[in-house]
Amino acid sequence: MHKIKVSTSERNELIDITDKVQQAVNELGFVKGVITVFTPHTTAAITINENADPDVTRDIIYGLNKIVPSSGYYHSEGNSDSHIKSSMIGASEQIIVESGQLKLGTWQGIYFCEFDGPRLREVWVQSN
Amino acid sequence: MHKIKVSTSERNELIDITDKVQQAVNELGFVKGVITVFTPHTTAAITINENADPDVTRDIIYGLNKIVPSSGYYHSEGNSDSHIKSSMIGASEQIIVESGQLKLGTWQGIYFCEFDGPRLREVWVQSN
Amino acid sequence: MHKIKVSTSERNELIDITDKVQQAVNELGFVKGVITVFTPHTTAAITINENADPDVTRDIIYGLNKIVPSSGYYHSEGNSDSHIKSSMIGASEQIIVESGQLKLGTWQGIYFCEFDGPRLREVWVQSN
């Protein structure tokens with residue numbers, strides 16, 4: 001397993017980790033198959049989305065904030081919205097690897113989703 | 001493939017199956033890589049979330065019920081909300097295994113999500 | 001990797017690709033383990049849901065349209081709702097294979113989710 005460190009600076013934030021995941025694939029020496037990109041946190045997630053116009057990630061955060069209300073829950077830590085977003089987006093993504101390279105669509109990037117930052121976070125990469 | 005039986009008692013319920021998944025990994029004799037935890041039902045899902053404060057799973061159910069209205073659909077069985085939640089949360093999770101042990105974050109548990117119970121359900125575990 | 005072509009005809013549409021994925025498994029000669037079904041587009045997704053009553057997929061589209069508003073975003077292309085749905089449903093699904101056959105529940109089908117069609121799309125299948 002290869003570990004990536006991610007430092008976030010907002011409560012809700014999407015950070016492009018594509019290059020770091022490619023570096024992890026290189027260091028694992030993985031050539032062909034599928035890798036899992038997993039975050040071990042319950043108020044964060046991994047997603048794949050557009051890497052061209054930064055308004056897209058801004059809109060994903062804005063849209064999720066409208067869909068998932070931030071108050072009105074039981075859990076005393078006040079971050080139940082973060083836990084719900086984490087389960088909606090999911091703890092991991094799977095990406096095909098060929099000739100040691102991540103196979104992504106033209107506009108796809110891999111994103112670490114922070115839903116309860118700012119914090120120092122981890123992402124784990126393992127070949128399947 | 002290893003099969004886990006899950007008996008649910010509410011219409012919407014999250015049940016911690018982490019120990020049963022670890023037992024499946026043991027029985028499969030799987031040592032290193034990634035496993036898939038998959039549910040073969042279309043009104044259920046698998047998620048990873050906090051295993052410490054039970055208010056978190058309670059809030060996830062409460063939050064999803066607010067996000068996904070329970071009525072106003074075409075499907076005559078009256079469980080379209082259950083199908084939508086199933087696709088939003090997802091039919092499977094992938095978890096890294098090292099030295100025969102599930103690698104999860106400190107606060108992470110693996111949950112079977114019942115969205116149309118109570119029922120007797122199955123979860124399938126297979127090494128990738 | 002095996003590539004599937006999908007031609008969509010609506011802005012929002014769920015298309016059953018189960019047979020095409022089984023055909024991909026056959027052509028890859030994959031016998032046992034887990035396969036990844038991945039879409040390289042950022043306004044589409046892959047999901048698993050009911051294949052019996054077509055009202056279910058109709059309700060999933062209807063429900064997602066109510067959950068994710070179609071306007072009020074920054075991104076100038078006017079398809080931020082499509083990007084949000086893509087991240088909520090997810091770019092891939094993982095399915096167990098035994099004796100060369102996809103292992104799905106009785107009512108489960110694999111669906112390509114179009115959220116910004118009509119377009120010509122791709123789905124990539126790879127054994128893990």
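Visitor: How many residues of chain A are in contact with chain B?
Guide: First, some ground rules. This is a predicted model: local features need pLDDT of at least 70, side-chain atom pairs count only at pLDDT 80 or more, and totals for chains, interfaces and linings use all residues. Residues are numbered from 1 along each chain as its sequence is written, chains are lettered from A and ligands numbered from 1 in the order written, and side-chain values use heavy atoms, leaving out hydrogens and water. Now your answer: 27 residues of chain A are in contact with 29 residues of chain B. Contact means heavy atoms within 4.5 Å.

Visitor: What area do chain A and chain B bury between them?
Guide: About 2,500 Å², with 60% of it on carbon and sulfur atoms. Buried area is the accessible area (1.4 Å probe) that two parts lose on being put together, summed over both.

Visitor: Which element of chain A gives the most to the side that touches chain B?
Guide: Helix 3 of chain A, with 6 residues. Helices (H or I, at least four residues) are DSSP runs, numbered from the N terminus.

Visitor: New topic. What rotation superposes chain A on chain B?
Guide: One of 120°, with 0.0 Å of shift along its axis and an RMSD of 0.0 Å. That is the relation of a three-fold axis.

Visitor: What percentage of the contact residues of chain A recur in chain B?
Guide: 15%; the copies use different surfaces.

How values were computed:
Helix = DSSP H or I, 4+ residues; strand = E, 2+ residues; numbered from the N terminus. Least-squares fit on C-alpha atoms with pLDDT ≥ 70 in both.
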